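This briefing collects selected features of one protein model, grouped by topic. Please read it alongside the sequence and coordinates.

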Amino acid sequence: MREIYISDLDDTLLDPKANLPEYSKVLLNTLMEQGVCFTVASARSPFSALPILDGLVLRYPLVLLNGSLLYHPEKEKIVHSTVLPKDSVARIIEAVNNYCPHFLIVGKEGNNIEMQYFQEDKEYWNSLVDYSYFQQKNNFSLEILSSKEEINRRSALYALLSFDEPSRFDECASFLQEDKKLSIDAYKDRYLENRWYIEIFSNVVSKQYGIQRLQKLYSFEKWIAFGNGENDLSMFRQCDEGIAVANSCSALKEEASEIIGSNVENAVADYIQKRFQRK
C-alpha cells in the first residue's frame, strides 16, 4: 500500500527549542531513500520553515502558512497559493496605521516568494528572521516597501504583526476579527518576553485545505498525519489516520487514531521507521 506521512513541525517533529534533531533528520533521510514518502504541514512561513528543514531531502510539496502555500522544495516551485483578499489587505493596513508598530508581509510574484517590510523595520525583523539562508535561493526575495499603498499592488499570502505591549495587541486583534474573510491567530511569544503576535491568513485556508490540494495532485492509498495542537484537528479529519504525540492537547488526543511518544523522544521518526519495517 502506497502511503504518505505528513508531520506538523512545532512540538511534533521539532524539539522544544524549535530545532529538528539530527537523529530525526538522519533517520528520515534514510527512510526516504528507502522509499518512504514524507512531507510537513505547518503554519510557519517558508522563511522560518525552510532553514529549520535544511538537510532534510523532501521530495513532496510542503504545506505552509496553514495551507495558504504549497511549496515544492526539490523543484523550487510554488504548487498552489491562496492570497488575502484585497479589501482585507486594506483593513490590515488600517490596523497597522492605528495599532501596530511592526509588521511583515509574505507575498508572491509569479513563482517568487517575497518577504516584505519597511526600511525603518529592517533592524527589527533582521533580529527575528535570518534571511541569509535565502540569499542563494533563486525564487525568494526581500522587498523593502516604500509605502503601505505598495502592499495593495502585490499578492499577499500572509501578514505578521508584532507588538511590544499587550493593550494595543488586544485592540488590534479585535479590530481585525471583525473582517470575516480573515483568519486571525493572536498569541504571546513563547520564547521572547514582552512580545505578542497576530498572524493573518485567508479564512478559507487550514491544514485540511492544504492537504486537500495535495490530494488533488497525488493518489496515495493512505494519508497519515502527525500533530500536537488544535490547528492539527482539521488535518487529522482529512487524513486516513491521525497520530498524536504524547505532548498533544486533549482535543487532538481524542481525535487521534493512535498516541505515540513525545516530540523530545523523536517519536515521529521512530514511529515511521517501525511501521515501515513491518511491511
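Gln-119 is found in the loop that links β7 (112–118) to α5 (122–126). The model is a predicted one. Gln-119 counts as partly exposed because its relative accessibility is 48%, and partly exposed covers the range between under 20% for buried and over 50% for exposed. Between the C-alpha atoms of Gln-119 and Leu-176 there are 24 Å, with the two residues 57 apart along the chain.

**Largest pocket**

- The volume of the largest pocket is about 1300 Å³.
- Its lining is made of 43 residues, and those nearest the centre of the largest pocket are Asp-10, Arg-44, Ser-48, Tyr-187 and Glu-199.
- Two helices, α1 (9–13) and α3 (46–52), each give two or more residues to the lining of the largest pocket.
- The strands that also give two or more residues there are β6 (102–109), β9 (155–163), β10 (182–188) and β11 (196–202).
- With five residues, β10 gives the most to this lining.
- By class, the lining of the largest pocket holds 20 nonpolar, 14 charged and nine polar residues.

**Second largest pocket**

- The second largest pocket has a volume of about 180 Å³.
- Fourteen residues line the second largest pocket, and Leu-50, Leu-56, Pro-73, Tyr-133 and Lys-137 are the ones nearest its centre.
- Nine residues of this lining are nonpolar, four are charged and one is polar.

**Sheet β3-β4-β5**

- Three strands form an open sheet in the order β3-β4-β5, and their pairing is antiparallel.
- At the edges of this sheet are β3 (62–64) and β5 (77–81), each of which pairs on one side only.
- From one strand to the next, the twist averages 25°.
- Strand β4 (residues 69–72) runs antiparallel to β5 and is joined to β5 by four bridges.
- In this pairing, Leu-69 stands opposite Ser-81 of β5.

**Helix α7**

- Ser-206 caps the N-terminal end of α7, with a side-chain oxygen 3.3 Å from the backbone nitrogen of Gln-208.
- Helix α7 spans residues 207–217, and its buried residues are Lys-207, Tyr-209, Gly-210, Ile-211, Arg-213 and Leu-214.
- The buried set of α7 thus includes the charged residues Lys-207 and Arg-213.

Conventions
Residues numbered from 1 in each chain as written. Predicted model: local features only at pLDDT ≥ 70, side-chain atom pairs only at ≥ 80, totals over all residues. Heavy atoms only, no water. Pairing = 2+ DSSP bridges. Axes fitted to C-alpha atoms, helices over the stretch in contact; angles between N-to-C directions. Buried < 20%, exposed > 50% of the residue type's maximum accessible area, 1.4 Å probe, protein only. Polar contact = N/O pair within 3.5 Å; in protein donor to acceptor, adjacent residues only side chain to side chain. 1 Å grid on protein atoms, 1.4 Å probe; cavity = no way out; pocket = protein on both sides within 12 Å on 5 of 7 lines; lining within 4 Å. Points joined across faces, edges and corners; volume = space filled by probe spheres on them.
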